[in-house]
Amino acid sequence: MFLIVLTSLLLAADDAATAKTCKSLSSLTLPAATITAAEPRTSGSFPHVTGVDLPGFCRVAATLTPTRESDIRIEVWLPLSGWNRKLQVVGNGGWSGSMPYSAVAAALRRGYAAAGTDTGHEGGGGPWMQNREKLIDFGYRAVHETTVAAKAITAAFYDAAPRFSYFSGCSGGGRQALMEAQRYPGDFNGIVAGAPSSNATGRAAFSMWIAQQLRKEPASYITPAAYPAIHNAVLEACDAKDGVSDRIVENPSRCAFDPRVLACGAEENQACLTAPQIRAVRAMYEPLIDASTGEEIAPGLSPGSELGWATFGGTQPFALGTQMFQHLVFDDPNWDFRSLNFSSDMVRMRRAEAGVIDAMNPDLSAFFASGGKLIQYHGWADPQIQPLSSVRYFETVIRRMGGASNVADHYRLFMVPGMAHCGSGEGTSTFDMLSALERWVEHGESPDSIPASRVIDGRVDRTRPLCPYPQQATYKGSGDINDAANFVCK
């Protein structure tokens with residue numbers, strides 16, 4: 001009994017010491033930063049994270065001001081016990097004007113010291129985009145400054161620097177991930193870039209192009225009721241090309257689909273397409289080309305993405321694309337997408353963006369030289385960020401770095417058949433890229449394939465290997481097609 005009481009007293013003393021150490025971070029001095037909160041939180045819940053039990057952690061909030069115009073809010077969550085000696089900074093989505101609490105919480109639950117930022121503004125796209133310093137904060141500076149501050153806060157709390165630092169994000173977070181590798185090659189040992197909006201300006205232009213094509217005339221619009229018929233026609237044309245009929249297009253780049261197969265006859269219905277609708281469907285898949293230069297502004301969506309076409313083809317144009325033109329390019333909240341000229345206005349777009357947002361630089365030599373590892377993934381059925389944008393970037397890096405052999409030791413791209421935007425869809429969209437990255441960084445185990453599964457109603461009904469591009473999962477010729485053991489990457 002005495003030992004139990006003594007143990008309880010010692011644990012209470014340890015907790016008190018940890019709590020005191022956490023609170024003492026409120027007086028920590030960092031360059032161009034103000035600590036606004038340093039509080040120990042017991043295990044349980046957190047107001048902005050629902051349905052998840054959290055371990056005890058020290059919550060540190062700070063405001064970073066690298067310029068007079070900057071107002072970058074960050075939070076760093078530090079495990080009170082069981083720290084894995086690593087830091088993970090997490091990414092944002094969209095225009096990123098909020099703290100990514102759920103992603104920070106997920107990193108904390110894995111034992112990381114975890115950090116996130118609102119990237120220097122509140123809410124979505126808006127007038128802040130006319131402030132150059134705030135635009136730079138959003139584009140790349142906020143994540144870097146968060147990383148520097150998080151490393152210092154972590155070292156101060158544990159009296160030890162993280163052994164390894166990682167970044168993980170999808171969509172806008174994927175763009176942030178690539179920007180880190182391009183601009184700040186020493187920030188992270190490993191980076192996961194999911195479905196990156198690396199060509200953000202091109203994606204915005206493409207979304208406005210689709211909005212125009214669907215509204216050329218009343219008969220052009222494609223209602224959601226027609227999506228399943230178009231999707232089924234794509235599967236009929238392309239599903240079996242990989243040797244397996246599984247309602248998944250393994251490699252849409254090899255899919256030749258002609259929407260005329262759905263042309264209406266004498267009687268129109270939801271399962272057929274009128275001539276104007278056929279033209280609109282083709283626009284979904286085709287690249288957007290600058291008529292004055294002949295250059296590709298953005299690739300089209302991939303066959304297999306049809307069930308998600310409401311993203312670009314809904315009753316209102318894609319909001320993120322509209323906001324980019326309204327607030328960044330024209331500084332006019334009443335700007336009408338119908339007026340967009342895809343030659344002259346793209347010159348204006350490039351002048352306004354000026355390399356701050358797009359993460360297209362293929363020179364990763366400094367990141368590779370630092371020993372950094374980058375895993376990028378993208379769902380082939382993504383209806384919001386064109387999958388081919390990831391393929392285009394990867395291939396550009398290979399050319400810039402002198403060939404695939406110079407890239408494979410540091411950078412792998414995994415295209416996920418049937419997966420929509422950052423997850424879901426009909427494919428095997430459940431996987432763990434971060435663990436694969438850790439093994440690569442910490443143990444030298446290169447990710448030659450990554451296990452993935454499809455989960456429906458909480459049950460795994462299919463497994464497949466995800467393969468480094470340009471390889472794809474290939475059926476061995478026998479056995480259950482829902483079992484990854486019967487597939488090989490080649």
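Trainee: Which residue in strand 9 does Gly169 stand opposite?
Mentor: This is a predicted model. Strand 8 (residues 164–170) and strand 9 (residues 190–194) pair in the parallel sense, over 5 bridges. In strand 9, the residue opposite Gly169 is Ala193.

Trainee: Which strands stand at the edges of the open sheet?
Mentor: The sheet has 9 strands with mixed pairing, in the order 1-4-5-7-6-8-9-12-13.

Trainee: At about what angle does helix 13 run to strand 12?
Mentor: Helix 13 (residues 433–443) lies across strand 6, strand 8, strand 9, strand 12 (373–379) and strand 13. Its angle to strand 12 is about 160°.

Trainee: Why are the buried residues of helix 2 on the same side?
Mentor: Helix 2 (residues 101–109) buries Tyr101, Val104, Ala105, Ala107 and Leu108. They lie on the same side because the arc they cover around the axis is only 160°.

Trainee: Which exposed residues does the opposite face of helix 2 carry?
Mentor: The buried residues of helix 2 are covered by elements including strand 2 (44–46), strand 3 (49–54) and strand 7 (113–117). The face turned away from that buried side carries exposed Ser102 and Arg109.

Trainee: Which residue just after helix 2 takes a positive phi?
Mentor: Helix 2 spans residues 101–109. Just after helix 2, a phi of about 95° belongs to Gly111.

Definitions and conventions: Residues are numbered from 1 along each chain as its sequence is written. This is a predicted model: local features need pLDDT of at least 70, side-chain atom pairs count only at pLDDT 80 or more; totals for chains, interfaces and linings use all residues. Side-chain values use heavy atoms; hydrogens and water are left out. Buried means under 20% relative accessible area, exposed over 50%, partly exposed in between (1.4 Å probe, protein chains only). Helices (H or I, at least four residues) and strands (E, at least two) are DSSP runs, numbered from the N terminus. The arc is that of the directions from the helix axis to the C-beta atoms. Contact means heavy atoms within 4.5 Å. Two strands pair if DSSP finds at least two bridges between them. Axes are lines fitted to C-alpha atoms, for helices over the stretch in contact, and angles run from 0 to 180 degrees between N-to-C directions.
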